[in-house]
Amino acid sequence: MNNQCRACGSAMYNTKGRNLFQKKNAKLLLNFNLVTNNLALKKDPRVPSCICASCAESLNRAVIFRARALETQENFLQQRAGLPENDLPTDDETPGETSNSEVKAQDADSLISSLENELGGKTVQKIHK
Ligand SMILES: [Zn+2]
């Protein structure tokens, strides 16, 4: 069963598909398992053995991406090792959301009392009680 791609399932009408289980494609199978978190493909006559040219290219790109990301991570870890830990940014939030609203409430109270003073007390008290 070699007319479908093992990776994407699409039909392959030409001969550009590559058989994952041929010795010359051993690296391809290795990479396939690498980027699929070890799907551990096995040769089985009931399922396709080949992958299409498009999937082979995607696989190569994925392997390159993985290698680059791992290398970059390694570089960042080495850079970090040379830095003191107290330079690391903290995730602490600024404290006191409740105290902010308390301040606002106090401001409103003082605003009302100053209005009461201006109006002689009675008018504002009637509105608020
Ligand atoms: Zn494919």
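Of the 129 residues in this chain, 18% count as buried, where buried means under 20% relative accessible area, exposed over 50%, and partly exposed anything in between (1.4 Å probe, protein chains only). The model is a predicted one: local features need pLDDT of at least 70 and side-chain atom pairs count only at pLDDT 80 or more, while totals for chains, interfaces and linings use all residues. Residues are numbered from 1 along each chain as its sequence is written, and side-chain values use heavy atoms, with hydrogens and water left out.

**Exercise 1. Get your bearings**

Task: work out how many helices and strands the chain has, and in what order its elements run.

Solution. Start with the rule: helices (H or I, at least four residues) and strands (E, at least two) are DSSP runs, numbered from the N terminus. Counting that way gives four helices and two strands. Now walk along from the N terminus, and you read β-α-β-α-α-α.

Next, look at contacts, meaning heavy atoms within 4.5 Å. Take those with a separation of 6 or more: residues 24 or more positions apart account for 58% of them.

Finish with the surface. The chain exposes about 10700 Å², and carbon and sulfur atoms supply 52% of that; the areas come from the Shrake-Rupley method with a 1.4 Å probe, and for residues only the protein chains shown count as cover.

**Exercise 2. The zinc site**

Task: find the protein donors of the zinc ion and say what arrangement they make.

Solution. Donors are N, O and S atoms within 2.8 Å of the metal (3.2 Å for Na, K and Ca); water is not among the atoms, so sites may look incomplete. Here the protein donors are the SG atoms of Cys5, Cys8, Cys52 and Cys55, lying 2.2 to 2.3 Å from the zinc ion.

Then check the angles. Four donors count as tetrahedral if all angles lie between 85 and 135 degrees. Around this zinc ion the four donor atoms subtend 105 to 117°, which makes the arrangement tetrahedral. For comparison, the ideal angle for four tetrahedral donors is 109.5 degrees.

Now trace the donors along the chain: their spacing is C-x2-C-x43-C-x2-C. Cys5 sits in the segment before strand 1 and Cys52 in the loop between strand 2 and helix 2, so this pair ties together parts that are 47 residues apart in sequence.

How buried are they? Cys5 has a relative accessible area of 2% and is buried. Cys52 is buried at 10%, and Cys55 is buried at 15%.

**Exercise 3. Helix 1 and what comes after**

Task: list the buried residues of helix 1, see what they pack against, then follow the chain out of the helix.

Solution. Helix 1 covers residues 26-35, and its buried residues are Leu28, Leu29, Asn31, Phe32 and Asn33. They pack against strand 1 (18-19), strand 2 (50-51) and helix 2 (53-81).

Zoom in on Asn33, which counts as buried at 15% relative accessibility. Leaving aside neighbours within four places in sequence, Asn33 is in contact with Asn38, Leu39, Ala40 and Leu41.

Now step past the helix. Asn37 follows helix 1, with a positive phi near 55°. Asn37 lies in the loop between helix 1 and strand 2 and is exposed, at 71% relative accessibility. Asn38 belongs to the loop between helix 1 and strand 2, and its phi is near 60°, a positive value in a residue other than glycine. Asn38 is exposed, with a relative accessible area of 53%.

**Exercise 4. Salt bridges**

Task: count the salt bridges and say whether their residues are buried or exposed.

Solution. A salt bridge is a side-chain nitrogen of Lys or Arg within 4 Å of a carboxyl oxygen of Asp or Glu. That rule gives two.

One joins Arg46 and Asp44, at 3.0 Å from N to O. Arg46 is exposed at 67%, whereas Asp44 is buried at 18%.

Another joins Arg61 and Glu57, at 2.7 Å from N to O. Arg61 is exposed at 55%, and Glu57 is partly exposed at 43%. Both Arg61 and Glu57 lie in helix 2, four residues apart, about one turn of the helix. An α-helix has 3.6 residues a turn, so residues three or four places apart point the same way.

Conventions. Tetrahedral: all angles 85-135°; square planar, octahedral: opposite > 155°, others 65-115°.
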